[in-house]
Amino acid sequence: MLIRESRLKVDFPKRIYSKEYVMEMLRKYDGKKSVSELAQMFDYSERYIRKLIAEMRED
């Protein structure tokens, strides 16, 4: 009988910030830091930071 092992990789952020706090900081650093710098600052993906910036600009 052949049994295959299934492995699942789950990544969690090292730091968890409230969405409101991150949005506030994005407003503060708007135009002063790049998306990649902001992503490193909060330990979030660039894609998530771009999504928050888009939401912030809609308001």
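Author: A residue is called buried under 20% relative accessible area, exposed over 50%, and partly exposed in between, with a 1.4 Å probe and protein chains only. The model is predicted: local features need pLDDT of at least 70, side-chain atom pairs count only at pLDDT 80 or more, and totals for chains, interfaces and linings use all residues. Residues are numbered from 1 along each chain as its sequence is written, and side-chain values use heavy atoms, leaving out hydrogens and water.

Reader: Is Asp30 buried, exposed or partly exposed, and what is its relative accessible area?

Author: Asp30 is partly exposed, at 41%. Asp30 lies in the loop between α1 and α2; helices are DSSP runs of H or I with at least four residues, numbered from the N terminus.

Reader: With which side chain does that of Asp30 make a polar contact?

Author: A polar contact is a pair of N or O atoms within 3.5 Å; within protein, one must be able to donate a hydrogen and the other to accept it, and residues adjacent in sequence count only if both atoms are side-chain atoms. Here the partner of Asp30 is the side chain of Arg57, at 3.1 Å.

Reader: Which residues of helix α2 are buried, and why do they line one face?

Author: An α-helix has 3.6 residues a turn, so residues three or four places apart point the same way. In α2 (residues 35-42), the buried residues are Leu38, Ala39 and Phe42. They line one face because, seen down the helix axis, they fall within an arc of 100°, taken from the directions from the axis to the C-beta atoms.

Reader: Against which helices do the buried residues of α2 pack?

Author: They pack against α1 and α3 (46-58), where contact means heavy atoms within 4.5 Å.

Key:
Helix = DSSP H or I, 4+ residues; strand = E, 2+ residues; numbered from the N terminus.
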